[in-house]
Amino acid sequence: MYRYYQYNNSTSKGDCLCYQGYYSDNVNTLCKPCHYSCLNCTTSSTSCLACPASRQFDTNNQYCVCVSQYYQNSQSLNCLLCLYSCANCTDYSICTDCNAAKFRTLNSITKQCTCNNGYYDDGNS
């Protein structure tokens with residue numbers, strides 16, 4: 001299950017390979033699913049080879065994490081867009097840092113990116 005046959009003309013041999021999103025356990029010749037954050041993996045569920053477009057590889061944790069301005073939804077595990085004013089967030093409107101180029105500063109109490117003095121919120125940036 002989760003395998004397909006591929007014939008290699010140069011070696012005149014065929015191999016059973018795992019589909020994308022699965023890796024071979026090399027013990028029971030089973031294809032096991034990769035970690036949900038990986039697009040492809042090699043020798044274990046978290047040995048990611050590639051990440052989906054909404055994720056990037058985190059060398060510290062060895063798996064794919066959401067890119068800037070996205071957070072991982074705790075129910076769907078998908079990467080969802082943060083509120084427009086956040087540079088990064090842990091939930092839609094809970095900012096962890098702000099984009100200084102957009103003249104915003106993180107309010108440590110509300111976890112919102114508020115406009116610097118002399119600027120106003122136009123609802124877009």
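Me: Which side chains meet in a salt bridge, R104 and which partner?

Reply: Side chains of opposite charge can pair when their charged atoms come close. The term salt bridge requires a side-chain nitrogen of Lys or Arg within 4 Å of a carboxyl oxygen of Asp or Glu. Here the side chains of R104 and D121 form one, at 3.3 Å from N to O. The pair links distant parts of the chain, 17 residues apart: R104 is in strand β13 (residues 104-107), and D121 is in the segment after β14 (112-115). The structure holds one salt bridge. Strands are DSSP runs (E, at least two residues), numbered from the N terminus.

This is a predicted model, where local features need pLDDT of at least 70 and side-chain atom pairs count only at pLDDT 80 or more, while totals for chains, interfaces and linings use all residues. Residues are numbered from 1 along each chain as its sequence is written, and side-chain values use heavy atoms, without hydrogens and water.

Me: Is R104 buried or exposed?

Reply: Buried means under 20% relative accessible area, exposed over 50%, and partly exposed in between (1.4 Å probe, protein chains only). R104 counts as buried because its relative accessibility is 5%. D121, at 41%, counts as partly exposed.

Me: What does C95 touch?

Reply: Contact means heavy atoms within 4.5 Å. Not counting residues up to four places away in sequence, C95 touches C86, N88, C89, L106, K111, Q112 and C113. C95 lies in strand β12 (residues 94-97) and is buried, at 2% relative accessibility.

Conventions: Helix = DSSP H or I, 4+ residues; strand = E, 2+ residues; numbered from the N terminus.
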